Amino acid sequence: MTGLLTRWLKVHQDEIGLFLGMAILLFFINGSGIVLDNFVNTAFLKRYGVEFLPIMTAVNAVATFLLLGSMNQVIKDVRGDQLVFYAMLIAGVSIGALRLVVPLGFDLLYPILYILKSQFAVLLAYLFWNLANDLFSTRQAKRLFPLITTGGIIGSLVGSFGTPILARLVSPDNLLLLFAAFSIAGAVSAQRLGAKWHGGTTRQKQSSDSDSEKTSMWEELVKVVPLLKKSTLAQVLLLLTLLPNVVIPIVNFQFNFVLDETFSSEEGLLSFLSYFRGAQYIIALFLSLFVGRIYGRFGLPVSLMFHPFNYLIAFGAYFLQFNIFSAAYAGISVGVLRTAINN
């Protein structure tokens, strides 16, 4: 095991413990997240309605903007591992508590679950990579982050293929309780990781006095304007983030619309989503093992262009034939490139 990590994956001897700890943490985050995502997507489509997805997309966009904007000062004041610990604990407890509401038959429960699962996914990914940024140097990041991403893909793979099995064992609604259990386990993993490797440092302690001053979201946005004017890199990164995120809601709506029309039962839809995403993650896992080499061969700018270019192919497939086969291609290709390369 040690020889494989050091020779093939290029993980140095003194990095193995921290690397495995971060990979395991991302395994818990993604594994629990995909179980929740499979159930909530299925329940929302069948119990609430695919026609409301555009509204959910708009609400999620506003909620994400406010959520991440409010995190600006928090990440300066609180250690990264503690942020991940509290976020996973809150996610697990809140989703577990909502399981008690399911028998009451409140229709609005499913939009609430849809928003919560989306926001927890965004927040935990943000906090995880914030923690990784604290623990690894820039040189280590280029070499290890693609490999750590592989741990997350394995978690998504196990969680996705495991969803139908778990649903048959405990009933679909009780997948909410399983998410709670996995999230709490991940929170404990984050706590232990921080205690061993973080060293008691915080970003605030390492910054200057001026950096530690509190600023509003608007003040932070104002700072971005001159940066965009003088930095071509910032402009490119903004476009590479903005354009796909404009297109993703359209692709997702088409994908979910086709699924809702194709599968009449919750059980059939949940099984398809789970196995479909499992296959998607197998491809992403294989590709992720070579991402470092792809970056080295083509460079980061060219590698990042694979994802937006694929949207042209996906929309072309929908234009020629609007059915489950076009949806499957769009879902697999977009998900694989985003997971294995762009993230």
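Colleague: Where does serine 171 sit in this predicted model, and what makes its phi stand out?

Modeller: Serine 171 is in the loop that runs between helix 6 (138-170) and helix 7 (175-197). Its phi is near 85 degrees, which is positive, and the residue is not a glycine. Most residues other than glycine have a negative phi.

Colleague: Why is serine 171 called partly exposed?

Modeller: Its relative accessibility is 28%. Buried would need a value under 20% and exposed one over 50%, so at 28% serine 171 counts as partly exposed.

Colleague: Aspartate 173 and arginine 47 are listed as a salt bridge; how do you know that they form one?

Modeller: The closest N and O atoms of aspartate 173 and arginine 47 are 3.1 Å apart. The cut-off is 4 Å, so the pair qualifies. Aspartate 173 lies in the loop between helix 6 and helix 7 and arginine 47 in helix 2, so the bridge ties together parts 126 residues apart in sequence. Aspartate 173 has a relative accessible area of 18% and is buried, whereas arginine 47, with 26%, is partly exposed.

Colleague: What makes aspartate 260 and lysine 46 a salt bridge?

Modeller: Again it's the distance: their closest N and O atoms are 3.2 Å apart, and the limit is 4 Å. Aspartate 260 belongs to helix 10 (residues 232-262) and lysine 46 to helix 2, so this pair ties together parts that are 214 residues apart in sequence. Aspartate 260 has 17% relative accessibility, hence buried, while lysine 46 has 26% and is partly exposed.

Colleague: How many salt bridges turn up in the whole structure, and how far apart are the closest N and O atoms of arginine 277 and aspartate 37?

Modeller: The search finds six. For arginine 277 and aspartate 37 that distance is 2.9 Å. This pair links distant parts of the chain, with arginine 277 in helix 11 (residues 266-288) and aspartate 37 in helix 2, 240 residues apart. Both arginine 277 and aspartate 37 are buried.

Colleague: Next along is asparagine 38; why is it called buried?

Modeller: The cut-off for buried is under 20%, and asparagine 38 has 0% relative accessibility, so it counts as buried. Asparagine 38 is part of helix 2 (residues 16-47). Beyond its neighbours within four places in sequence, its contacts are Ser160, Thr163, Leu270, Leu273, Ser274 and Arg277.

Colleague: Which side chain joins that of asparagine 38 in a polar contact, and at what distance?

Modeller: Threonine 163, at 3.2 Å. The cut-off for such a contact is 3.5 Å.

Technical notes. Residues numbered from 1 in each chain as written. Predicted model: local features only at pLDDT ≥ 70, side-chain atom pairs only at ≥ 80, totals over all residues. Heavy atoms only, no water. Helix = DSSP H or I, 4+ residues; strand = E, 2+ residues; numbered from the N terminus. Buried < 20%, exposed > 50% of the residue type's maximum accessible area, 1.4 Å probe, protein only. Polar contact = N/O pair within 3.5 Å; in protein donor to acceptor, adjacent residues only side chain to side chain. Contact = heavy atoms within 4.5 Å. Salt bridge = Lys/Arg side-chain N within 4 Å of Asp/Glu carboxyl O.
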